[in-house]
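Here are some friendly notes to read alongside the structure. Keep the 3D view open and find each residue as it comes up.

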Amino acid sequence: MPKFPASSPKLRKAFEAAVLDLPPQQVRVVFGYPCLFVNGYMTVGLFGDDLFLRLAEGDQTTLLKQVGKPFSVMPGKAMAGYTVAP
């Protein structure tokens with residue numbers, strides 16, 4: 001298993017505070033990072049100091065055209081539907 005960079009404590013606290021008051025959800029650890037699951041689907045999470053989002057195809061296309069980048073755990077292998085937020 002490759003070693004991934006840790007998220008900063010400040011970023012982890014901000015993430016946890018942001019998802020605390022959301023409707024039914026579950027925070028799980030994926031690849032060593034906190035991720036928000038809604039109805040069993042991973043929707044948003046941290047990876048190192050990146051925040052990634054699961055978006056509808058049109059929204060993902062719009063974000064990628066502006067400033068986002070595809071989310072990938074392994075270089076060159078983007079996860080479909082996920083985008084790194086700027």
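Predicted model: local features only at pLDDT ≥ 70, side-chain atom pairs only at ≥ 80, totals over all residues.

1. Let's take the overall layout next. The protein contains 2 helices and 6 strands, and along the sequence they follow the pattern α-β-β-β-β-α-β-β. Along the principal axes, the C-alpha atoms fill a box of roughly 30 × 30 × 25 Å.

2. Now for the inside. Of the 86 residues, 31% count as buried. The largest nonpolar core has 17 residues, and those with the most contacts inside it are F15, C35, M42, F47, F52 and F71. At least two residues of this core come from each of helix 1, strand 2 (33-38), strand 3 (41-47), strand 5 and strand 6 (77-84). As background, nonpolar side chains in soluble globular proteins tend to be buried together.

3. Not counting residues up to four places away in sequence, F71 touches F47, F52, K77, A78, M79, Y82, T83 and V84. For the protein as a whole, take the contacts with a separation of 6 or more: 36% of them join residues 24 or more positions apart.

4. How many salt bridges does a search of the whole structure find? The search finds 1 salt bridge. Its partners are the side chains of K69 and D50, at 4.0 Å from N to O. K69 lies in strand 5 (residues 69-74) and D50 in strand 4 (residues 50-54), so the pair ties together parts that are 19 residues apart in sequence. K69 is partly exposed, with a relative accessible area of 44%, and D50 is also partly exposed, at 28%.

5. Is Q60 buried or exposed? Q60 is buried, because its relative accessible area of 14% falls under the 20% cut-off. You will find Q60 in helix 2 (residues 57-66). Its side chain makes a polar contact with the side chain of T83, at 3.1 Å. Leaving aside neighbours within four places in sequence, Q60 is in contact with L55, G81, Y82 and T83.

6. S8 belongs to the segment before helix 1 (9-20). The side chain of S8 reaches the backbone nitrogen of L11 at 3.1 Å. S8 is partly exposed, with a relative accessible area of 27%.

7. Finally, have a look at two loop residues. Most residues other than glycine have a negative phi. F31, in the loop between strand 1 (26-30) and strand 2, has a positive phi near 55°. N39, in the loop between strand 2 and strand 3, has a positive phi of about 55° although it is not a glycine. As for accessibility, F31 is partly exposed at 37%, whereas N39 counts as exposed at 72%.

Technical notes:
Residues numbered from 1 in each chain as written. Heavy atoms only, no water. Helix = DSSP H or I, 4+ residues; strand = E, 2+ residues; numbered from the N terminus. Buried < 20%, exposed > 50% of the residue type's maximum accessible area, 1.4 Å probe, protein only. Polar contact = N/O pair within 3.5 Å; in protein donor to acceptor, adjacent residues only side chain to side chain. Contact = heavy atoms within 4.5 Å. Core = buried A, V, L, I, M, F, W, Y, C linked by side-chain atoms within 4.5 Å.
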